[in-house]
Amino acid sequence: PGWASEEGSTACVQVLTGEVRNKDDSMVFPGAWPEFRVAVGDTLTVKVSASHTSSGREGEARPHLAAAEAWGLPGYATLCGSNTYGAECTEGAGAETWGLLKFAPRAEQRGEAFSTCGEATIAAVMGWEVQPLLVCLRISVVQVTPSFGNASVVPAYATLSPDVQFVGAVGCAIDIPLQISPSSCPAPGCTISPTGNESHCSTSCGGAAALAPSVVGQLPRGAMLRPRVLNASEAALLASAGDVSAYWAVTWTPELHSSSQVPYTVCVSPGGAGAGRCWEVTVEKCRHCVREGETLASVAAQHDAGWMQLFFANPTLPSRNPQVVSPGYNLRLGVLYTVRSGDYLEDVARRFLVAPDAILSENAELWAEAAVSYAPRAPGRSAQAGFEMAATRGLAPGETITVALPDLAAPDWEGQVAPDCAAVGTSMHYGPFPAAHVRACSDGASAPGEAC
């Protein structure tokens, strides 16, 4: 512009061109203003490039590239590592200069749209007028609403229905697969991976960084919510199918004393405003899943038993050698007995010729560490008792709880779990005491061995 020659003369023209590409140069985003989407928690990374048609002169300079003053950069965005106008990009070779534009939006930018440009110029020959080239793009900050996906080209990793119940045994891992899928995005543009290396545009809102599920309530002791590690073939299969879901799992290897006839409840939210799901997990009683390196003797020792007891309790062992048990084999530890109304621990122990403590040691969910506190009132008035315990499983409404009162001259107290007690951590109401077991002392306090 501004330069003209006489008709018939020749001129050497340097033409500036620019484009926006992904980080590994496998894709050029078309259009003068390509549009991108990015979610809070993700990072948009694209390559802004400028080049010129070389005249062939030696030492010819590459174009200069920096953020355009008129368009600027969104807050928290950088071009070539800087958020300020005039900071030049230095990467490039030959006739090309390029720089990475990175943008990790904050929560307060959700719902906003930005237009930003890189400005490219070349060194002017004396008497020339140089028109800068703008390489521009538009960015929308979108809201991700994750949900559970149940269709995947790797079916074993898809989220299962809440109707599915998981059953396992002490010693072997239980895996609850979670496929977290982003919502389809009404905002125009292209969603690419946070690293900028995806070779396709997704129609979803946000990438894997925005798809992080969370636990609702508590997991069983030792259970973990973690991202699933995909092997190379699985990752390639998902990429070829255009699957941008995040894959997670709740994994749990139940340890000794984790078995319970009452299922554990595992609840997970897909994140954001997505609806959560819950699954029931039962750890079979009287079972032990053999781990690598375990033998009948080592498993029996964990249960204060002899290896011959386990040997004769498992007539279908693949090997008749008690020292050889295949990992994953589900050993039977003893007899399952269904408690009937009116059964007491001592009655069951006598029936099977074992000590009551032996039954409790194999049924950890039947007991819990408890603390009983009480505040004496004035003589002739009742005492107020408080009871705290940490249950290792959920409590069922109507279930009977027996509380030992070691500091009181009174029998153990029995009370039922209130109907409104649905889970561990819920307030539980007991009582009243079935009879007046507490007597008054003259001074309102108890001496050693005396109950008030």
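Author: Let's start with Trp307, Phe311 and Phe312, which form one aromatic cluster. This is a predicted model, where local features need pLDDT of at least 70, side-chain atom pairs count only at pLDDT 80 or more, and totals for chains, interfaces and linings use all residues. Residues are numbered from 1 along each chain as its sequence is written, and side-chain values use heavy atoms, with hydrogens and water left out.

Reader: How many aromatic pairs does the structure hold?

Author: A pair of aromatic rings is described by the distance of the centres and the angle of the planes. Rings of Phe, Tyr and Trp (its six-membered ring) pair if their centres lie within 6.5 Å; planes under 30 degrees apart count as stacked, over 60 as edge-to-face and the rest as tilted. Here there are 9 aromatic pairs. In one of them, phenylalanine 29 and phenylalanine 36 have ring centres 4.8 Å apart and planes at 85 degrees, so that pair is edge-to-face.

Reader: Are those two buried or exposed?

Author: Buried means under 20% relative accessible area, exposed over 50%, partly exposed in between (1.4 Å probe, protein chains only). Phenylalanine 29 is buried at 5%, and phenylalanine 36 is buried at 1%.

Reader: Which residue has a positive phi of about 65 degrees?

Author: Most residues other than glycine have a negative phi. Aspartate 25 has that positive value although it is not a glycine. With 40% relative accessibility, aspartate 25 counts as partly exposed.

Reader: And what lies over the face of tryptophan 98?

Author: A charge sits over a ring if NZ of Lys or CZ of Arg is within 6 Å of the ring centre and within 35 degrees of the ring normal. Lysine 47 does this for tryptophan 98, at 4.0 Å from the ring centre.
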